[in-house]
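Try each task yourself before you read its solution.

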Amino acid sequence: MTQAPRISVSAVPASALAQAPAPGQPPVTVIGVPAVRDDDGARVSEGVPATLSVGGREVGLTIDPELARRRGFGAKASEVMVVIGSDPAAPVVVFVGCGDHDEVDLDALRAATATLVRSAGRSGALAVLVPGPLASQAAGDGSDATREAVQAVTEGGVLGAYRYLTYKSEDPAGRVEQLLVAGMDIDPDALAEGVRRGVVVAEAVCLARDLVNEPPSAMTPSVLARIAGEQVATRRGVTLEIWDGARIEVERLGGLLGVARGSAEEPRLLIARYEPDPGGGEMPHVVLVGKGITFDSGGLSLKTAEGMTTMKTDMSGAAAVLAATSACGDLGVRVRVTAIAPVTENMPGGRAIKPGDVLTIRNGKTIEVLNTDAEGRLVLADALSLAAEMRPDAIVDLATLTGACVVALGTAVAGVMGNDEALKARIDAAAKRGGEATWPLPMPKAYRSHIDSEVADMKNIGKAGSAGAIAAALLLERFVDDLPWAHLDIAGPARSDEDSGVLAKGGTGFGVRTLLALLEGYGAGAGEGAGADAGSGV
């Protein structure tokens, strides 16, 4: 797999823009200026000066109200206005809307910077101004608020610049060569650390996108295992264990083996482990589980031709948990993390499982397969059984699991279900911090009968047209042994059909930012009693 090219990012004080670029560095060709809305219309954010020296030239940074009116620029979220001055050698100024001045948050900063990167042309450097007052307002209270705002700006820039070009002969759009995050009245250490962390998080998201965007015949289970060895296991604090088909059979992973039977490609089970640097006392243990169907034809319950066109995306859960684990060391996460990814294709070969077959999962429970296109829950059942055996403090799984969740929540929001309210609350807070939309869905006990089977412990589908996302989650719940567990159905937001905000068309890497925010928050109290006995709650 060829990694999609990344944009270069640097932290600089805005005052340093007055100097000529260092040898080998591109000149600043675009200045990005945050703008907000108030009762009088669009204006630049508080803390932005009227002029700024850039490369020895004075550049005006105020918004002309009449020009804004003629252009229809009202500083709405991600709205831009380009102003070219009389000096052809001076940088172009791009004002970008951040929305109402009293509602600017971290996600607004991400989206604004992503928009700037896409609007900044094909060469040179883009300098994005980050005034201290705007950063403090967006991030809210807290000792790390300014750093978090800078991190959000950086994430937006890197993610907005993402393009998957491996199979393109040329880049049709192009982009600026470098992003300069220019702090104004921001502590230099907070600026530098915010940029560093933003790059780490965004690079992890881009890794997940790369894995998902690769064509399915080039991203088979064995190839994914190899790439995980190259790009995940080489990261700080991370080790990787790979089970081949023979080991999977010895370990009695009947769900994974059953789904893999119709494919000529042998399955794999990946177990990535992150161990923090020693010291600080006992640390909690969180297990992440990600569905890794590298291509889903539906098996004998065959999808339509149109329904298959995006099914390389069905490994998005595995990509997210592996990518998140890869970034833990560089973010200093104080949690022991295990990522489990059951990986296979779901194909209709001559040995494929048939509707009516019964599979035995690792924990001994049996599932009647009535629809081979509901395969994700079969491989997750094995992985969750393994996770439960580790007796962690929490289990979180991510899967592009059900079309029913897309019907309920659309393509921008992931459904969250689980058996532990405290863990779900942590995920909600982490998703908000990471800028990813989630929504809680119930798991009524009355619906448990939807997956009752006449011949096995359960069946792999619920009642037709009724609570499909919930039925899938209720099946998964039977394999976590009452440990704190949460399930994210990411079938909607795992893929985007357009470039919008921080999203690029194709795989989105959804879940990576939420998982990293969850793990960082989870480990904040490590060494202070955070490592509770397994099953005691979170």
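This is a predicted model: local features need pLDDT of at least 70, side-chain atom pairs count only at pLDDT 80 or more; totals for chains, interfaces and linings use all residues.

**Exercise 1.** Work out how helix H10 and helix H15 cross, and which residues make the contact.

*Solution.* Start with the geometry: two packed helices are described by the angle between their axes and the distance between the axes. For H10 (residues 316-331) and H15 (residues 512-522), the axes come within 9 Å and cross at roughly 45 degrees. That angle makes H10 oblique to H15. Next comes the hand, and the crossing of H10 and H15 is right-handed. Now list who touches whom: H10 brings Ala320, Val321, Ala323, Ala324, Ala327, Cys328 and Leu331, while H15 brings Val512, Leu515, Leu516, Leu519 and Glu520. Sort the residues of this contact by type and you get 11 nonpolar, no polar and 1 charged.

**Exercise 2.** Find the 1 aromatic pair of the structure and classify it.

*Solution.* The partners are tyrosine 164 and tyrosine 167. Their rings sit 6.4 Å centre to centre, with 45 degrees between the planes. Planes under 30 degrees apart count as stacked and over 60 as edge-to-face, so this pair is tilted. As for tyrosine 167, its relative accessible area is 54%, so it is exposed.

**Exercise 3.** Locate serine 78 and aspartate 482, and decide how exposed each one is.

*Solution.* Take serine 78: it's not a glycine, yet its phi is positive, about 65 degrees. You'll find serine 78 in the loop between helix H1 (65-71) and strand E6 (80-83). Its relative accessibility is 27%, so serine 78 counts as partly exposed. Aspartate 482 isn't a glycine either, and has a positive phi of about 65 degrees. Aspartate 482 lies in the loop between helix H14 (468-477) and strand E21 (485-489). With a relative accessible area of 72%, aspartate 482 is exposed.

Technical notes: Residues are numbered from 1 along each chain as its sequence is written. Side-chain values use heavy atoms; hydrogens and water are left out. Axes are lines fitted to C-alpha atoms, for helices over the stretch in contact, and angles run from 0 to 180 degrees between N-to-C directions. Helices (H or I, at least four residues) and strands (E, at least two) are DSSP runs, numbered from the N terminus. Angles under 35 degrees count as roughly parallel, over 145 as roughly antiparallel, 65 to 115 as roughly perpendicular and the rest as oblique. A crossing is left-handed if the near helix is turned anticlockwise from the far one by less than a right angle, and right-handed if clockwise. Contact means heavy atoms within 4.5 Å. Ala, Val, Leu, Ile, Met, Phe, Trp, Tyr, Cys and Pro count as nonpolar, Asp, Glu, Lys and Arg as charged, and the others, Gly among them, as polar. Rings of Phe, Tyr and Trp (its six-membered ring) pair if their centres lie within 6.5 Å; planes under 30 degrees apart count as stacked, over 60 as edge-to-face and the rest as tilted. Buried means under 20% relative accessible area, exposed over 50%, partly exposed in between (1.4 Å probe, protein chains only).
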